[in-house]
Amino acid sequence: MTRARQAVARRRLAIAILGLAVVVAGVTGPASSVVASSGSAAGQAAGTTQATKRPLPGTALALAFGKVPAVAWLARSPNGASRVYAAAPAEAPGTALGPARAGRDGLPTAAATVAGDVWIVAARSGRSGSGIWAQTYRNGQWEPALEGPSARTWNHHPAAAAGKKGLWVVWVGEDESSSDAAIFASRWTGSSWTPAERLPGVTGTPMAPSIAMGNNGRPIVAWAANDGMDAEIWVATRGSSGWASPRQLTNNDVPDITPSIAARSGRLLVAWISFTPTGYVPTARLRSSGGTWRPAQRLSPQPGTHPVAMFSSANAVVLWGARLSNRQVLRSAVRQNDAWGPVANLAGATGTRAAAGAGSGGRLALAWRRPDGTLAVAEGEIREGEKGARGKVGRVTRSLSGPAQSSARAAAVVLPQAGSGTVPHNFSAFGDSITLGLVIPSRDPLIIVHTPGYVGPLRRMLEDVFGPVTISNDGVGGELTSEGLSRISGVIRARRPDSLFLMEGTNDITFLVDPSTIAFNLRQMINRAKFEQPGIVNFLGMIIPRNEGWESELNRRTDEVNELLIGVADATGATLVDTHTALDGHGALFSDHVHPNEDGYEVLAGAWYEVVEPELLSLTNLGDIDGSGRVDGADLVLLGIAFGSREGDSSYSPAADINEDGIVDGFDLAILADHFGQTLESAGGLAGEAASLRLQQPRCCWSLWQHAVARLPRQHRRRHSRASPTRRRQTLRRPTAS
């Protein structure tokens, strides 16, 4: 007999015995009404937002200030692929750029020449590789796109800067058959690209580089790469005879990532974010015109993200995004009189994704992605007074789309903190747009749909077993793990969840963040959750795969990170959830190259459920109400006597309230029925047997689960999971949060 039939037979037997127990106990109401009391939660309503000229969530902007400010962004094209769009001047209509060949564009970069022309550079990928392309805005129009330089099969994440001797482009090049990745550089001479030059290598895969032009017309490149311990910042300059050996700007025991570089009058400015106990904070280091490097200085004790280094007039300026309470703002610091001035907010500029460019006379062009997803561009100036860049960016000259339509997302209801030893009923799902539930349907590529993601189906699955639960969706689209690390403490304090579902890192891989840094950030996030909420049960989801195109190279990086997550789970005591295997190789479950569709989110929920459910069951008595070591008819009789009672009633029995929700009802019967006839062989053996059974075949929600995974080959339904020690409720005492 199959396990499914055994489970059904146990349920039928348990219900029959319960009916007899109800009669004996004199409890009114037939057993069938008990079964009918098991309800399911309603799903969240879905909303839509227009994305015609809206930057895709999680993408960077590019801006250059030539004769006019020009801005570039990544959006969905009518055929469904991601394409680079640009506006020059900023208030002009957006124009789709790039060569005629098929493929998907990556993140754009921008540069302005001395003559005032603007270059937009990006990578376009297909199934067999990816190559760089470039396009220039000259004399009031966009010229035809040029195929760019290449060095490997996969050429991606370019950065560009223009000088007296033409346009320089640097990028990351690698072959799928090799893990050897390096930074390459090439110059456009006006008629052709020079042969690709490989920069001297350092340990570790390089992060997306940043480039600036020195006074002598020679390029200077900054990037982050692992030095064998953690991610550090490196700088290399091209001399008359080639590239000099890289200089290591940081040498500490914490990650330093996402550098930005600027040069002017012989001076060099590098800005990045560096890990501290409070999060990743903006940090900068300045080289004087004489070639002397000043010590690195933290610009703010508060976390920040995506720093932009630039020079305005004679002063060095760093811009970055920050989250203040519930607001996303752009902040700035100006170096004057050999010291960094106070941090100031830029008035009217709200968002965490920014691009900036300086024009003549200290004029500033600034672009940012608003919290509602729209893109704004403004011109203004840097006020270099006592309060630094005092928040004047001038008027908004270009809004690429109107206010987003509101997304009809259900408000989360926070339940009271569960008491000592109870089954968790309040959860926080924390992560990026994949947790948020973003769907970009290929049938209508100009629409971005916000769905309940995996959270809605998972809630239904858990409620069929444990009764009402709350899963707050704390996903943020486009977020890096460094940003998540900065906000997770606030989320835990606000939600006070019994359990955390953590899945993040997809955007880090897009930006080539070092795998060890991603693992470091996730480990810190779990540790902070444990600090804020003692006794919290943590689940760590693997990073899901990508669907197609040059993402196959990023899939290799995803595998590297997922291998490290096994160690993160072991070190933190979190339970690892194999969310990767559930979607691996199943393109029909994706809405684009990285976001699942609604069927994909259903399958993703199943992957969470098959690990979460047995872990939560291990916190219950599993139906052994009388403590005899066996779930049998005597336990059903005791449950029948207490059936329908609530906490405080004379007939209420805490032992019969198996899921400890304050009422003895059909949910308690469902748990008991599924383990009817099982014997406790050791302290925790019954829970271990149940956990083993659940890992192989989830129970309840049979039609829902079977429909979701029917398309998957059995060997792909679950590859592995980290076994966690089983625990009986009598021996587990989880502290109550203060």
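Student: Is Glu 532 buried or exposed?

Tutor: Happy to start there. This is a predicted model, where local features need pLDDT of at least 70, side-chain atom pairs count only at pLDDT 80 or more, and totals for chains, interfaces and linings use all residues. Residues are numbered from 1 along each chain as its sequence is written, and side-chain values use heavy atoms, leaving out hydrogens and water. Buried means under 20% relative accessible area, exposed over 50% and partly exposed in between, with a 1.4 Å probe and protein chains only; Glu 532 has 15%, so the residue is buried.

Student: Which residue does Glu 532 meet in a salt bridge?

Tutor: A salt bridge here is a side-chain nitrogen of Lys or Arg within 4 Å of a carboxyl oxygen of Asp or Glu. For Glu 532 the N to O distance is 2.9 Å, and the partner is Arg 493.

Student: How many residues apart in sequence are the parts that this pair ties together?

Tutor: Helices (H or I, at least four residues) and strands (E, at least two) are DSSP runs, numbered from the N terminus. Glu 532 lies in helix H7 (residues 515-532) and Arg 493 in helix H5 (residues 481-495), so the parts tied together are apart in sequence by 39 residues.

Student: Are Arg 557 and Glu 174 buried or exposed?

Tutor: Their side chains form a salt bridge at 2.4 Å, N to O. Arg 557 lies in helix H8 and Glu 174 in strand S13, so the pair ties together parts 383 residues apart in sequence. Both residues are buried.
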